[in-house]
Amino acid sequence: GFHDGRHSGMKEAGNYLEHMVKDVHRFEEDVEYRSGWLAGEAEGKRMQEQANAAASSYNAGKAADKAGPHPHNAMEKAMKGVDTEQLKALEY
């Protein structure tokens with residue numbers, strides 16, 4: 001049941017490559033299959049939600065790269081050739 005439920009949970013959470021798998025008769029009649037299926041469904045949803053979040057973060061980073069220069073790179077470019085030696089006197 002766990003294996004079937006895991007695939008089903010991933011499908012429910014948005015993985016278009018997965019598919020729903022449930023032996024309805026066993027789910028209704030077999031307590032172990034049902035509890036395994038429900039546990040697998042929860043695990044599949046959790047795994048897919050993590051994968052969705054990672055993909056979203058990755059895509060946001062790619063979009064930011066296309067939007068313009070990274071702030072760190074812009075700072076380095078702006079400070080290129082600037083003498084910052086005297087700023088060291090401000091350190092504690």
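The model is predicted, so local features need pLDDT of at least 70 and side-chain atom pairs count only at pLDDT 80 or more, while totals for chains, interfaces and linings use all residues. Residues are numbered from 1 along each chain as its sequence is written, and side-chain values use heavy atoms, leaving out hydrogens and water.

Let's start with the rings. There is 1 aromatic pair here. F27 and W37 have ring centres 5.5 Å apart and planes at 80°, so they meet edge-to-face (Phe, Tyr and Trp rings, the last by its six-membered ring, pair with centres within 6.5 Å; planes over 60 degrees apart are edge-to-face, under 30 stacked, the rest tilted). The pair ties together distant parts of the chain: F27 belongs to helix α2 (residues 24-29) and W37 to helix α3 (residues 31-67), 10 residues apart. Helices here are DSSP runs of H or I with at least four residues, numbered from the N terminus.

K22 lies over the face of F27 and also over that of W37. That label needs NZ of Lys or CZ of Arg within 6 Å of the ring centre and within 35 degrees of the ring normal.

| Ring | Distance from K22 to ring centre |
|---|---|
| F27 | 4.2 Å |
| W37 | 4.3 Å |

How buried are the rings' residues? F27 is buried at 16% relative accessible area, and W37 is buried at 3% (buried is under 20%, exposed over 50%, partly exposed in between, using a 1.4 Å probe and protein chains only).

Now for M79, which sits in helix α4 (residues 71-79). M79 is partly exposed, at 36% relative accessibility.

Definitions and conventions. Helix = DSSP H or I, 4+ residues; strand = E, 2+ residues; numbered from the N terminus.
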